[in-house]
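This briefing concerns the strands, hairpins and helices of one model. Please consider the sequence and coordinates shown below before turning to the points that follow.

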Amino acid sequence: MRFSSLRPYATASMQRRTSAGLVRHHRAIVRGVARSGVVQRCRYNSSLSLQRDKQYSGGRELHVRDVPLPSSSQVAQVSPLQQYYKLVESGTLRTDDHQERIIKKLQRLHNDLVRYEPPNISHTPASNSLISRLFTRQLGASPVVSVENVPKGLYLYGDVGTGKTMLMDLFYNTLPPHIKRKRRVHFHAFMIDVHKRVHAMKAKLGARGGDPIEPVARDLAQEAYVLCFDEFQVTDIADAMVLRQLFEKLIHYGVVCVITSNRHPDELYKNGIQRQSFIPCIELLKERLEVTDLDSGTDYRRIPRTLSHVYYDPITPENRAEFDKIFKAFTSHADEPLVRNRKLHVWGREILVPESTDSVAKFNFLDLCGKPMSAADYIEITKNFGTIFVTDVPKMSLSQKDMARRFITFIDACYESKTKLFVLSEAPIYQIFSDDPNAKGSEISDHMRSVMDDLGLSSDIIGTSSMFTGDEELFAFARCCSRLVQMGSKEWAETAGAR
């Protein structure tokens, strides 16, 4: 690879610190590309946003991800249905009957929220006094608002790539302008925030205790009475036990939820520890949210993608030299000096970043996944660095299952923050969890085959893996492979990495 071929990748990471002269040069390049007819129009009917458009590409296939939705200020006076039709009319979206059906349900909720008057919730500071604890229990026993007066939310589930996130974002960005108390958040990040708040509240309540969920729910409701959760899933018993109480109290405080998920509520936390205790939360979701599926006629995941050279294997001196050359290209800027052992702080703990600039970081796999790390750690890393290099990723076996789980969590964080990722691995990145194809009993189970089919994956790409068991683990593994495929595409490499 010639050094000059690295410039398109480095451009996104340098964007915020580019001089005015380079900005003009970049714009000239963009205008030249537009005149050549390479990209003139992009359509996005899903969060993957992969749409063929040969009419405007000279017969070539184009795939564009995450075309930004209009901001709230741009569409403040427009309803979800009006905005959807506007995007279809402009050619930004293609007509999809299934998505239109969901938009009409979101329009119903939009209309309900226009008329809805949420309760005024005053902040009640927690203390360790007996009166405070008694008052907290009294608040928990008496709902602030009658549940019947709270608009029914929406729980939207369906396969990856069918447009759930795009539709929820369209709804969120067209909320009436008078709704200031609103929040749109990825569910994983929301639960990290909740656990932080619960931990802090327990410390305030002291040794004699009290209910920490009540004041946390109250504070959340005070901050936002419209909550939009993306990618709702429950895989952890700690989350399951908190959610059971939290949702009930949020609804009693007049909070309206819109949720996207890959699973029907009845499939949440399936086979989880003490699942019976989580059943009331599932029933509450089904009672207070309209549950609907997005069975789109178009599968955006199966449209072919042009792969980019961001994954290198095996680990040879030649590949390592090429990998280091790319890293040097990203970090050889005078205004962003290379720092060794930079420290990030998460929940009072330190994360050491071996090599980094203000926007680019490089980790050895063991530094990233060989020690106890949580989703909060990976979210903090991807929040700080738009481009991440990971070296020496091994082919993992059952004895390295903990590292495999951490790597999956890391990939999820990279995907959600749209991080540009470069990997040097022992085996093809999609096959680092795979069994030896010649080993006895390496056939794919019917359930795994079904999951892979749902995600548009082929066994030729990812092989088979006996490392993961249970519905949630299998799904997380297959989804990770699906995301790695997408993050290796040319479109991702050209658009990811901005912070």
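Strand 2 (residues 182–186) and strand 3 run parallel and are joined by five bridges; two strands count as paired if DSSP finds at least two bridges between them. Helices (H or I, at least four residues) and strands (E, at least two) are DSSP runs, numbered from the N terminus. The model is predicted: local features need pLDDT of at least 70, side-chain atom pairs count only at pLDDT 80 or more, and totals for chains, interfaces and linings use all residues. Residues are numbered from 1 along each chain as its sequence is written, and side-chain values use heavy atoms, with hydrogens and water left out.

**Surroundings of strand 3**

- Opposite Asp230 of strand 3 stands His186.
- Strand 3 also pairs with strand 4 (residues 256–261), in the parallel sense and over four bridges.
- Val226 has Val256 in strand 4 as its bridge partner.
- Helix 9 (residues 237–252) carries the chain from strand 3 to strand 4 in a right-handed β-α-β crossover, meaning that, with the strands pointing away from the viewer, the path from the first strand over the helix to the second runs clockwise.
- Strand 3 (residues 226–230) is largely enclosed by the rest of the structure, because five of its five residues are buried (under 20% relative accessible area, 1.4 Å probe, protein chains only).
- In a regular strand the side chains alternate between the two faces of the sheet.
- From strand 3, Val226, Cys228 and Asp230 point one way, while Leu227 and Phe229 point the other way.

**Antiparallel pairs and hairpins**

- Strand 7 and strand 8 run antiparallel and are joined by seven bridges; Lys343 stands opposite Leu352 in strand 8.
- The hairpin of strand 7 and strand 8 has two residues between the strands, and Trp347 takes a positive phi near 55° there.
- Strand 8 (residues 349–356) pairs with strand 9 (residues 360–364) in the antiparallel sense over two bridges, and Glu355 has Lys362 in strand 9 as its bridge partner.

Technical notes
Buried < 20%, exposed > 50% of the residue type's maximum accessible area, 1.4 Å probe, protein only.
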